[in-house]
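Here are some notes to go with the structure, for you to read alongside the coordinates.

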Amino acid sequence: MTKFSIGLIYSLAVFIGTKQFIGEPQNTSPNPPDLTITRFSGPDITPSPACLAVAPTGEVFVGVDMMGSLGKDPGKGRILKLIDKDNDGKMDEHIEFATVDNPRGIIVQGSRVFVLHTTFSKESGKASGMALVVFEDKDGDGKADGPPQPLIENLSNTKYIQERGTDHATNGIRMGIDGWIYIAVGDFGFHNATDRSGKKLTMLGGGIVRVRPDGTEMEIFTHGTRNVYDVAIDPYMNIFTRENTNDGGGWNVRFSHHIQSGEYGYPVLFQHFTDEILPALADLGGGSGTGALYMAEPSWPEKYNNVPMMADWGRSMLYIHRVTPDGPTFTQKDEDFLELPQITDLDVDGSGRLFLSAWDGAGYSGSPDKGYVIRAVPNNWTYKAFPNLATAPVEELAGLLKSASAVARLNASQELIARGGKQGMSAALEIASDAQLPLFARVAGIYTYAQAAGADGIPALTSLTKDASVREHALRALADRKGILKDVSTEPFLEGLKDPSPRVQAAAIIGLGRLGRIETANALLQTKVPASFIAPVKDVEGPHATPNAAIVLPHLAVRALVGLHAVDAAVAGINGENSTLALWALRYMHDQKAVDGLMNAYTVSKNEQLKRQIIITLARLYKKEDTYDASWWWGTRPDSHGPYYKGVTWEASPAIEKFLKTASLKTSPGKAFFRDLDARNRMDIAAFAPEKKVIAAPVKEPKVDLEKIKSKKGQVGKSSIEDVLLAINKLKGDPARGKVLFTNQGCVACHSIKKGEVMKGPFMGQIGSIMNREQIAESILKPNASISQGFATVMITAKGNKSYMGFVTEETSARVVMRDISGEVFTVKTADILTRKEMKTSMMPTGLANALSYEELASLVSFLAQQKK
């Protein structure tokens, strides 16, 4: 879901902000007392602000989105340009810059404004996909000169945007100092996204994609996230995200460091195959990550500077994550920073003004009466005009490239590149080579020079790899553009593998994977695998959100080997000292040569442990992920068993099955081992089916008569919602009594509290970390105010003249499990489904609290408010 999708965070009603910023500057607790916060614009100008970006000179571009995550009707979005002429923190002028639907991300670069948004067919009026486009305002009148130029089209799953809205679609965009536009992709993924060069790309699931500003060279950067909404990029090209919560399925909000080519595991690897993924740096419980920014501005106090700032829409909080280097990655410590109701996005200008947007209860489809933008600056802040880059001489731009301001460096870099010419290139290279300058300036110089010089810059960048201070970034810049890699030597990268710095080693490994030279595979196979490379034991969830710096380098080496398709080298390594890494890489090589090599290695090996690992690898290769055609999506609570979501057999499967059956007849490792292996990998080989056992009849949950419950009239049923909310705000309630009411009022029919319980409707085990007491109460009293994503009533008709109505509690590629309002469970084969329709009403009936007294409702609310991670 997008940031406005409460299903991500188990919410059941529109979030009502607990703080309003009105008029004059104020520093109301709990916000930092050393910040001055002013209301910049209100809902009369910027209702439903989905995203924003700020020009270095301070003009704020706001994406107004009157469709939200569920709306499906076009013509309700626009990009507004807001201007503060006297720099007092309040908007003085606004201009409609452009009209677009569902704006989800904005970048401002000079006269160009990049926008990611949903597209619609003029003929049908239906969503046709998502696109990254660029507008231009050459005459400076504040309005786009004409239609936008598409950079990437089809950048999401059209089928599900049409059916659901832009909820798990493609989201925020941000540019790094390396000049790439990084795009946060939700787990709708995309099929046949097409860039300006005609290159097509398909991605199953979520991650980060990047593209050049001219719309070429589109490529996948990382994969395996849920619904990441935005990225924060530091001056050294470290990328951080704060993701969205799965509904009770084990994937909470997490803070992640994204390393190029990394696999993060959602949804099929993060529970039972965690040895194969890059884990998150922290599991943060329930929530809904939205906008992100790496703050690196000298006008900000040190304690708030050089940190990722990550918005959480569900928690109405802007967080600071203090990151500490840990080998090639980081550890982190998060802390509350600034409270804002349903915060959606943030950005900073060249003078250090931080702008933030609040959805403020605008609902799933937007509201003309909700939403605003604020400005936050340090108390001692003074306005400093940002220079006009278009008229600045090269010497001034070079000076800005050395500035302590990340905003200044990025914009000066892009201006130098746009101008071209040897003078700018020479200035950038001089900065890159100056050992007396701060590292952030040298890094900006390296990436600016690499972009401006192209293939001509290879010799100088190669020379810079000899400088230990910037070796990591010189290697990254050398391998950054695939179009010129034929002229790049592998030698600096092979040397980098032996560097004492794990960050340099990581850059060397990634670079070798990008260079594509198969002869370097043996060097990659030398990467050591740590003792922490251990698969979770049967039916135990692995450590998918525990930092593991030691696993990063072998993980990257495996990704590089797979990218090289180094089958021969991996097979040759099976019986050598690097067998662990070789077998790890072979898990993903669905190639007959890989299968034959594994079988031959098993036959000649005398090492029983190695033979066991070969069997495990062959079992993994028995199936592969089906080709993704965007005709399906796994939903908000997907089947996360793994290792594939839609596993299918392939041409080598019969040979693998025959081999495994033969091996299973031997006394070691035994039939039980093969049964477990079959279940783990979902091979569905009949010979390994579990032994039939007498299964005790399942304990039937008591049927709940919700109609009877809601027909009773008590104090709540006789009062207005407003009076009820006012009353329970004054009552503490008894959580122990509330626990009993949770059962007696029928809540157990649709909700579970504990992670180990059968998952039903929206999970209540973390609701207290997401909603306050008033919000919980309103969700009970007004269940149809906004339906939790993934838990709308679903109507299915199936073969045999059967029909089912309920909400989906489990879904795999083969079946759908539903629960109706009485708690009865139905399983429907996917192949039998004729029609499937999502209704517009909640499964939760209105009036379930009617029979309660104010004190009883307060007790139920207090019990739910205690449900936290």
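1. Let's start with helix 21, where Gln-775, Ile-776, Ala-777, Glu-778, Ser-779, Ile-780 and Leu-781 are the buried residues. Bear in mind throughout that this is a predicted model. Helix 21 spans residues 773-781, and seven of its nine residues are buried, so the rest of the structure largely encloses it. Note that Gln-775, Glu-778 and Ser-779 are on the buried list along with Ile-776 and Leu-781.

2. The largest nonpolar core has 151 residues, and the members that touch the most others are Ile-183 and Leu-660. Helix 11 (residues 549-564) is the top contributor to this core, giving nine residues. What does Leu-660 contact, once its neighbours within four places in sequence are set aside? The partners are Ile-615, Leu-618, Ala-619, Phe-674, Met-683, Ile-685 and Phe-688. There is also another core, lying apart from that one, with 25 residues, including Phe-742, Ala-849, Leu-852 and Phe-863.

3. Now for helix packing. As a reminder, a pair of packed helices is described by the distance between the axes and the angle between them. For helix 13 (residues 579-586) and helix 15 (residues 608-621), the axes come within 9 Å and cross at roughly 15°. Angles under 35 degrees count as roughly parallel, which means helix 13 is roughly parallel to helix 15. The crossing of these two helices is right-handed.

4. Which residues make that contact between helix 13 and helix 15? On the helix 13 side they are Ser-579, Leu-583 and Leu-586, and they meet Leu-610, Gln-613, Ile-614, Thr-617 and Leu-621 of helix 15. By type, the contact of helix 13 with helix 15 has five nonpolar residues, three polar and no charged.

5. The other pair to check is helix 2 (residues 394-401) with helix 3 (residues 406-419): their axes come within 8 Å and cross at roughly 145°. Here the crossing is left-handed. Helix 2 brings Val-394, Leu-397, Leu-400 and Leu-401 to the contact, while helix 3 brings Ala-408, Arg-409, Ala-412, Ser-413, Glu-415, Leu-416 and Arg-419. The residues where helix 2 meets helix 3 divide into seven nonpolar, one polar and three charged.

6. On to the backbone. Most peptide bonds are trans, and most residues other than glycine have a negative phi.

7. Last, a couple of positive phi values. Asn-192, although not a glycine, has a positive phi of about 55°. This residue is found in strand 12 (residues 190-195), and Asn-192 counts as partly exposed because its relative accessibility is 33%. Asn-801 has a positive phi too, near 60°. Is Asn-801 buried or exposed? Its relative accessibility is 79%, so Asn-801 counts as exposed. You'll find Asn-801 in the loop between strand 29 (792-798) and strand 30 (802-811).

Definitions and conventions
Residues numbered from 1 in each chain as written. Predicted model: local features only at pLDDT ≥ 70, side-chain atom pairs only at ≥ 80, totals over all residues. Heavy atoms only, no water. Axes fitted to C-alpha atoms, helices over the stretch in contact; angles between N-to-C directions. Helix = DSSP H or I, 4+ residues; strand = E, 2+ residues; numbered from the N terminus. Parallel < 35°, antiparallel > 145°, perpendicular 65-115°, else oblique. Left-handed = near helix turned anticlockwise from the far one by under 90°. Contact = heavy atoms within 4.5 Å. Nonpolar A, V, L, I, M, F, W, Y, C, P; charged D, E, K, R; others polar. Buried < 20%, exposed > 50% of the residue type's maximum accessible area, 1.4 Å probe, protein only. Core = buried A, V, L, I, M, F, W, Y, C linked by side-chain atoms within 4.5 Å.
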